[in-house]
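Subject: Structure for your review

Dear colleague,

Please find below the structure that I am handing over to you. My notes on it follow directly after.

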Amino acid sequence: MSRISVLALAVASFFSLAVSAFGEVQLFVTKNTVRLYDPGLEEHSVLNDFSVAGWKTHNDLAVVWSDREVLAYDIKTHQWIPLDGFSATSSLLTDGFAVVWQSRGVAVFDSSKPGWVVGPPTQNSIRTALLSRKMALAMTSNEFMVYDSVLGNWQTAAMDNAEAVFDGTLGDNLAVCWDSQEVCVYDMTMHRWDVRPIQGVQVAVVLDREVRVVTAYKIHTYDAMKHRWFERDR
């Protein structure tokens, strides 16, 4: 390869990276001011007198929060969308969603609407939250909450063993949570829960259209194409 072609390739790579970097939303935050650069408008949007408690950005989305409200900015719609009366403790973002949570509440920003969808109040404190490209998940010590982006609402299941919920995970179409006695799967292809008694779960993973649950002696598989459980020895 000639020096000229190598140089041209390097310049093209640099230009591609530069376009990618400047094509994303950018935040500049001080204690009481938020300045957001919208690459689509090539302009800044400024929030003055906003007491910033936290912020996150991801590609087209930005989320900022104070102790009284949360604001989401989507560069596809070029506007701030507020969630009033919500004291967020943290947030997660993917390409089309943002999830925020407080001690006993969770909300998701769905850019396809665009707007916030607030989950029902929880009985216990939220311990963790997760996001995928199509779903959101929030867990307390005995509640398993999933945002179904097709239905546009939150679905909740209560686990019986209140202090034994120890993990959960999700993919684009399936979410799973388990305690010491049973496994709970939410299947967004059918918009329903499927609960199966399985003791001694070591780990569960979500693949494209199935959930695999591993115990010391068995591998249990929920197949979302057949909507059935299967099991085999390890």
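In what order do the 3 strands of the open sheet lie, and is the pairing parallel or antiparallel? In this predicted model, the order is S1-S2-S3, and the strands pair in antiparallel fashion. Strand S1 (26-29) and strand S3 (43-48) form the edges, each pairing on one side only. Direction ignored, neighbouring strands of this sheet are turned by 20° against each other on average. Between S1 and strand S2 (residues 33-38) there are 4 bridges, and Phe 28 stands opposite Arg 35 in S2.

Confidence

The protein chain has a mean pLDDT of 86, with 87% of its residues at 70 or more. The exception to note is residues 1-22, over which the pLDDT is below 50. Beyond near neighbours in sequence, that stretch has 4 contacts in the model. Where pLDDT is low, the predicted coordinates should not be read in detail.

The nonpolar core

The largest nonpolar core contains 15 residues. Those with the most contacts inside it are Val 63, Val 70, Leu 83, Phe 86, Val 100, Phe 109 and Trp 116. At least two core residues come from each of strand S5 (61-65), strand S6 (69-74), strand S7 (79-84), strand S9 (97-102) and strand S10 (105-110). The largest share, 3 residues, is supplied by S5. In soluble globular proteins, nonpolar side chains tend to be buried together.

Trp 116 deserves a separate look. Leaving aside residues up to four places away in sequence, Trp 116 touches Val 70, Leu 71 and Ala 72, then Ile 81, Pro 82 and Leu 83, and also Ala 98, Val 100, Ala 107, Val 108 and Phe 109.

Ile 75

Ile 75 sits in the loop between S6 and S7. Is Ile 75 buried or exposed? Ile 75 counts as buried because its relative accessibility is 10%, and the limit for that class is under 20%. Its partners, not counting residues up to four places away in sequence, are Gly 23, Val 25, Asp 38, Pro 39, Asn 59 and Asp 60. The C-alpha atoms of Ile 75 and Ala 62 are 8.6 Å apart, and 13 residues separate the two along the chain.

Strand S22 and its partners

Strand S22 (residues 218-223) is mostly covered, with 5 of its 6 residues buried. S22 runs antiparallel to strand S21 (residues 210-214), and 5 bridges join the two. A hairpin through 3 residues connects S21 to S22, and Arg 212 stands opposite Thr 221 in S22.

S22 is also joined by 6 bridges to strand S23 (residues 228-233), again in an antiparallel arrangement. Here Ile 219 stands opposite Arg 232 in S23. The hairpin of S22 and S23 has 4 residues between the strands, and His 227 in that hairpin takes a positive phi near 55°.

Salt bridges

The count of salt bridges comes to 8. One of them pairs Arg 133 with Asp 172, the closest N and O atoms being 2.5 Å apart. These two residues lie 39 residues apart and link distant parts of the chain: Arg 133 is in the loop between strand S12 (128-131) and strand S13 (135-139), whereas Asp 172 is in the loop between strand S16 (167-170) and strand S17 (174-178). Arg 133 counts as exposed because its relative accessibility is 63%; Asp 172, at 17%, counts as buried.

A salt bridge also joins the side chains of Arg 196 and Glu 231, at 3.4 Å from N to O. This pair, too, links distant parts of the chain, with Arg 196 in strand S19 (residues 192-197) and Glu 231 in strand S23, 35 residues apart. Both residues are partly exposed: Arg 196 has a relative accessibility of 23%, and Glu 231 has a relative accessible area of 43%.

Glu 210 forms a salt bridge with Arg 212, the closest N and O atoms being 2.5 Å apart. Glu 210 counts as buried at 18% relative accessibility, while Arg 212 counts as partly exposed at 37%. Finally, salt bridges that share partners bring Arg 196, Lys 218, Glu 231 and Asp 233 into one network.

With kind regards

Note on methods: Residues numbered from 1 in each chain as written. Predicted model: local features only at pLDDT ≥ 70, side-chain atom pairs only at ≥ 80, totals over all residues. Heavy atoms only, no water. Core = buried A, V, L, I, M, F, W, Y, C linked by side-chain atoms within 4.5 Å. Buried < 20%, exposed > 50% of the residue type's maximum accessible area, 1.4 Å probe, protein only. Contact = heavy atoms within 4.5 Å. pLDDT = per-residue confidence, 0-100. Pairing = 2+ DSSP bridges. Axes fitted to C-alpha atoms, helices over the stretch in contact; angles between N-to-C directions. Salt bridge = Lys/Arg side-chain N within 4 Å of Asp/Glu carboxyl O.
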